[in-house]
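Look over the sequence and the fold before reading on.

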Amino acid sequence: MTDKPSEQAEALPLIDIKPLLTKLWPSTASVTPAEIAYAISHFFTNQVTEAQTASLLMALHFTQMDFRADVLAECARVMLQAAAPIPVEELKEVIERRGKKEGAYNGGLCDIVGTGGDSHNTFNISTTASIIASALLLVSKHGNRASTSKSGSADLVNNMKPRAPVISAVCPESLVKVYSNTNYSFLFAPVFHTGMRYVAPIRKQLPWRTIFNNIGPLANPVEDVLECRVIGVARKDLGPAFADALRISGCRKAMIICGEEELDEVSCAGRTLCWMLKEKSPGGEVDVEHFLIQPSDFGVSSHPLSTVSPGKEPAENAKILSKILHNELPQNDPILEFVLINAAALFVVSGICEADTSNMGPGDDGQVIKERGPAGQRWKEGVRRARWALESGEAWRQWEAFVNVTNDIAG
């Protein structure tokens with residue numbers, strides 16, 4: 001391991017999970033989600049041997065228990081319990097003070113994230129969409145370095161010019177200052193999920209994706225003040241499981257997406273499968289509605305994935321991101337429209353597109369697009385707002401504010 005465990009963690013006794021491993025084969029019928037989560041909770045304190053940790057990760061993969069909603073929900077819960085605690089009440093005060101409420105959006109924090117592993121190696125769509133969305137929403141982009149692609153979200157932002165943000169400066173103690181100065185924040189996973197340093201070397205030695213690829217997107221560190229999220233999954237059979245896992249955990253506003261090509265984004269090439277969490281009534285039960293969307297529902301053209309799969313290094317992708325944020329690409333550019341529909345999805349899920357009036361700022365003509373598409377949502381209004389975020393320069397301003405505040409905190 002590269003990181004030396006703390007003295008306290010070294011002193012904790014080992015937990016033997018051999019009984020659980022025995023129960024996982026040849027049948028999983030007697031294994032409960034609570035048992036699995038209990039074992040995983042001790043990964044974060046370095047109390048399970050490397051051999052047993054790897055064995056459990058492999059067993060969950062081959063039995064596909066890491067695809068079960070109840071297992072995902074319970075394991076995400078213990079992962080969040082082990083995360084660095086955030087100042088919930090202070091963040092609620094900042095959210096209230098910032099006053100971003102509009103339409104059915106209550107002004108809370110939002111995230112857009114993917115599981116990765118779809119093998120399409122597209123441009124960093126969700127990260128770019130998160131920055132665009134910060135023009136109107138408070139965004140908490142949860143991300144990490146690349147694990148299955150060349151350019152992870154953290155790799156991308158670390159290569160931004162003329163000055164990169166200091167993402168390690170965003171920690172529980174600095175969140176209030178960050179959100180007092182900007183709508184945007186990047187939550188670098190290792191800073192908040194510190195116990196993952198014990199698991200990371202083991203995951204790297206395994207040739208398969210593990211349960212952490214699935215529960216990571218479900219474990220945003222600011223969960224307690226997260227109003228909505230869009231999560232992309234790289235396998236269609238994960239969609240219902242993720243939606244149910246969120247519902248089990250108490251989430252009330254979210255959408256799981258999977259392009260028909262098994263893409264963890266809203267597809268620019270064809271149809272996207274969606275599972276949206278919706279309240280039957282305010283504060284009432286939450287249902288999951290399954291439907292399909294396609295680029296034409298957003299009012300944009302379709303583009304083959306080959307036109308948006310540059311497979312570039314982080315520095316090259318950072319140049320593309322800068323061009324997007326400076327509104328330097330043609331309106332029908334394939335990567336731009338790919339990004340716009342994903343930002344639009346977050347706008348729709350947040351509820352901000354339900355506003356019947358619009359006063360975003362300079363450049364906004366106030367003409368809300370009230371047309372409704374699949375699931376009764378205003379997808380084209382989402383794109384209108386995303387285009388305004390770029391054309392007005394507001395997305396870049398929020399990004400600059402994030403860069404400045406993190407460098408200030410670090411320096």
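The sections that follow cover the basis of the values, the overall fold, the surface and the ring pairs.

## Basis

This is a predicted model, in which local features need pLDDT of at least 70 and side-chain atom pairs count only at pLDDT 80 or more, while totals for chains, interfaces and linings use all residues. Residues are numbered from 1 along each chain as its sequence is written, and side-chain values use heavy atoms, with hydrogens and water left out.

## Overall fold

The protein has 18 helices and seven strands (DSSP runs of H or I with at least four residues, and of E with at least two, numbered from the N terminus).

Buried residues make up 57% of the 411 (buried means under 20% relative accessible area, with a 1.4 Å probe and protein chains only).

## Aromatic pairs

The structure holds eight aromatic pairs (rings of Phe, Tyr and Trp, the last by its six-membered ring, with centres within 6.5 Å; planes under 30 degrees apart are stacked, over 60 edge-to-face, the rest tilted). The rings of Tyr184 and Phe402 have centres 5.3 Å apart and planes at 85°, so this pair is edge-to-face. Tyr184 lies in strand S3 and Phe402 in helix H18, so the pair ties together parts 218 residues apart in sequence. Both Tyr184 and Phe402 are buried.

Ring pairs also link Phe43, Phe44 and Phe212 into a cluster.

Methods:
Buried < 20%, exposed > 50% of the residue type's maximum accessible area, 1.4 Å probe, protein only.
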